[in-house]
Amino acid sequence: LHGHARIVGDVVVAVHHALVLGAGVVGVRESGCAHGCSVYDVYVRTHSRAPESTHNLLRWRNALFACFVVFGLSLASWVTRTPAIRDAVGATTAQMGLLLLGLSIGSMTGVLLAGSLVLRRGGRPVAMSGCLSVALGMTAITAGSGLGSAPTIFVGLMLFGLGMGLTEIALNIEGAAVEKKLGRSVLPMM
């Protein structure tokens with residue numbers, strides 16, 4: 001057990017703040033305050049075993065920046081190709097909505113799993129798994145588009161969304177840890 005935070009408000013918000021700060025939540029205990037509001041004691045432990053030298057911190061920051069760039073380019077690639085993919089499978093607006101449901105299912109699954117996975121494994125392996133899922137998803141979307149196969153595109157969008165959800169959370173947690181080690185804000189530039 002490496003730390004303790006006292007947060008006034010909703011327990012979900014308290015746990016979210018702890019995770020954003022790069023900490024794994026070990027336990028939560030509710031205690032009231034004199035005014036009847038909810039106060040939560042959130043017990044946390046950190047997982048980042050970040051290198052301490054300036055050179056390694058800069059490499060860590062640059063690696064995160066590269067991941068954000070790849071992540072953004074992948075998303076931009078999908079969004080700009082949506083009409084062409086719709087035409088390749090001959091989907092109506094309603095059918096395209098069902099295809100896009102795959103992206104939503106994958107994204108929500110990734111976001112919901114990311115916190116517990118980062119807690120158990122750390123940010124780096126989760127981000128790498130997310131990047132692999134994005135790459136596999138993009139490959140499946142490309143193959144499905146070429147074959148005119150809506151089910152393949154649906155699975156590709158699920159993998160793509162899963163990777164986006166996992167990577168987004170893990171990169172933000174790692175980014176917060178980098179900011180803490182560097183002593184300055186770097187996430188806005190990413």
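Start with the whole chain in cartoon view. It holds five helices and three strands. This is a predicted model. Trace the elements from the N terminus, and the order reads β-α-β-β-α-α-α-α. The protein chain has 190 residues, and buried residues make up 38% of them.

**Stop 1: helix H2**

Select residues 54-89, which form helix H2. H2 has 36 residues. From its first C-alpha to its last, H2 reaches 51 Å, close to the 52 Å expected at 1.5 Å a residue.

Where does H2 bend? Go to Thr82. The helix bends there by about 55 degrees. A proline, Pro83, follows within four residues.

Next, show the side chains of H2. The buried ones include Leu57, Trp60, Arg61, Leu64, Cys67 and Phe68. Further along, Phe71, Ser74, Trp78, Thr82, Ile85 and Val89 are buried too. Look at the spacing as you go. An α-helix has 3.6 residues a turn, so residues three or four places apart point the same way. What do the buried residues of H2 pack against? Their partners are H3, H4 and H5.

Step past the end of the helix. Gly90 follows H2, and its phi is positive, near 65 degrees.

**Stop 2: Phe68**

Stay in helix H2 and select Phe68. Is Phe68 buried or exposed? Its relative accessibility is 13%, so Phe68 counts as buried. Phe68 and Glu168 are 100 residues apart in sequence. In space, their C-alpha atoms are 8.5 Å apart.

**Stop 3: the nonpolar cores**

Select Trp60, Leu64, Val118, Val126, Ala170, Leu171 and Val178. These belong to the largest nonpolar core, which has 16 residues. Within that core, they touch the most other members.

Which elements give two or more residues to this core? Color helix H2, helix H3 (93-121), helix H4 (123-147) and helix H5 (150-182) to see them. H5 gives the largest share, six residues.

Zoom in on Leu171. Leaving aside residues up to four places away in sequence, Leu171 touches Leu64, Cys67, Phe68 and Ala127.

Then move to a second, separate core of 14 residues. Val134, Ile141, Ile153 and Phe160 are among its members.

**Stop 4: the end of H4**

Select Ser145, in helix H4. Ser145 has 18% relative accessibility, so it counts as buried. What does Ser145 touch, not counting residues up to four places away in sequence? The answer is Ile85, Ala88 and Ile153.

Now select Leu147, also found in helix H4. Leu147 is exposed, with a relative accessible area of 69%. Leu147 and Val89 are 58 residues apart along the chain. Their C-alpha atoms are separated by 8.3 Å.

**Stop 5: Ser149 in the loop**

Move on to Ser149, in the loop between H4 and H5. Is Ser149 buried or exposed? Ser149 has a relative accessible area of 18%, so it is buried. Show its side chain together with that of Thr152. The two side chains make a polar contact at 2.8 Å. Ser149 also touches Val89 and Gly144, not counting residues up to four places away in sequence.

**Stop 6: helix H5**

Select H5, which has 33 residues. From first C-alpha to last, H5 reaches 46 Å, close to the 48 Å expected at 1.5 Å a residue. Just after H5 comes Gly183, with a positive phi of about 80 degrees.

**Stop 7: the salt bridge**

How many salt bridges does a search of the whole structure find? It finds one. Select Asp87 and Arg86 to see where their side chains meet, at 3.2 Å, N to O. Side chains of opposite charge can pair when their charged atoms come close. Now compare the exposure of the two partners. Asp87 is exposed, with a relative accessible area of 53%. Arg86 is partly exposed, at 33%.

How values were computed. Residues are numbered from 1 along each chain as its sequence is written. This is a predicted model: local features need pLDDT of at least 70, side-chain atom pairs count only at pLDDT 80 or more; totals for chains, interfaces and linings use all residues. Side-chain values use heavy atoms; hydrogens and water are left out. A nonpolar core is a set of buried Ala, Val, Leu, Ile, Met, Phe, Trp, Tyr and Cys residues joined through side-chain atoms within 4.5 Å. Buried means under 20% relative accessible area, exposed over 50%, partly exposed in between (1.4 Å probe, protein chains only). Contact means heavy atoms within 4.5 Å. A polar contact is a pair of N or O atoms within 3.5 Å; within protein, one must be able to donate a hydrogen and the other to accept it, and residues adjacent in sequence count only if both atoms are side-chain atoms. The expected span of a helix is 1.5 Å times one less than its number of residues. The bend at a residue is the angle between axes fitted to the seven residues ending there and the seven starting there. A salt bridge is a side-chain nitrogen of Lys or Arg within 4 Å of a carboxyl oxygen of Asp or Glu.
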